[in-house]
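Thanks for coming, everyone. I've got one structure to show you today, so let me put it up on the screen.

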Amino acid sequence: MYQLRTMDISPVNPMLYLPGAPVCPEEPKGKMQRRKLMQNQINNIEKQGIKNGEEIASLNLRMGKVEQQVSKLTDVVTDTNLRVGKLEQQVCHIKEVVTEMNVRVEARFEKIDQRFDKIDQRFEKIDQRFARMDERFSALDVAVTKIPAIFAENAMKQSQSLIRVIQWIVSLMVVLVGVTFTAARYIH
């Protein structure tokens, strides 16, 4: 630190000042104090430098530890990235497998759909056959419903025919009886 001497600027005691005369009655005493003061300041500066050096050394140690931790964290991050990479590969592989399975399943579903279409066609054919059978049964129902009428009609025709036959037989018998009585009368 730089200080100007007081005798260069102004006298210590203004009452004793004479212009042009070097006046500094307490100069040797002041120099000593200044030297002590300067030495104290230098010592304080050195102490502060030592403290600063210790703090810097402590900070350097801490920095070293932090660098070690950063290095460890870097290793952990690298390891984690490797694991994530492996997981991503596995996920990709799983996606491929799932996609392949989906393709296979879709193909199977398409085959099953085709089989169901064929089955539907068969059922349609069977439905058509049942419709034809229903038509036939309807025709049979109509025929069966006509059968009692036909039987009744046939029964009436048969009864009328039977009545005619009976009438014819009876008339023949009457004729025979008449012929027999006439013949018996001629014979007696």
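I'll go through the overall layout, then the salt bridges, then the charged patches.

Quick housekeeping: this is a predicted model, where local features need pLDDT of at least 70, side-chain atom pairs count only at pLDDT 80 or more, and totals for chains, interfaces and linings use all residues. Residues are numbered from 1 along each chain as its sequence is written, and side-chain values use heavy atoms, with hydrogens and water left out.

Okay, the layout. The chain has 2 helices and 0 strands; those are DSSP runs, H or I of at least four residues for helices and E of at least two for strands, numbered from the N terminus. Helix α2 covers residues 27-187.

How much of the chain is buried? Buried residues make up 1% of the 188 residues. Here buried means under 20% relative accessible area, exposed means over 50%, and partly exposed is in between, with a 1.4 Å probe and protein chains only. The accessible surface of the chain is about 17900 Å², and 62% of that belongs to carbon and sulfur atoms. Those areas come from the Shrake-Rupley method with a 1.4 Å probe, and for residues only the protein chains shown count as cover.

Now, how many salt bridges does the structure hold? There are 3, counting a side-chain nitrogen of Lys or Arg within 4 Å of a carboxyl oxygen of Asp or Glu.

Take D79 and R83: their closest N and O atoms are 3.3 Å apart. Both sit in helix α2, 4 residues apart, about one turn of the helix. D79 is partly exposed at 34%, while R83 counts as exposed at 54%.

Then R104 meets E100 at 2.6 Å, N to O. Those two are also in helix α2, 4 residues apart, and E100 is partly exposed at 42%.

And K157 pairs with E153 at 3.4 Å. Why are K157 and E153 about one helical turn apart? Because they are 4 residues apart in helix α2.

Last bit: the patches. They're made of residues with over 30% relative accessible area and no salt bridge, with like charges joined within 9 Å and nonpolar side chains (Val, Leu, Ile, Met, Phe, Trp, Tyr) within 5 Å. Lys and Arg count as positive, Asp and Glu as negative, and His and the chain ends aren't counted. Each charge is placed at NZ of Lys, CZ of Arg, CG of Asp or CD of Glu.

The positive patch on the surface includes R108, K111 and R132. R132 is in helix α2 and partly exposed at 49%. The negative patch includes E106, D113 and E124, and E124 lies in helix α2.
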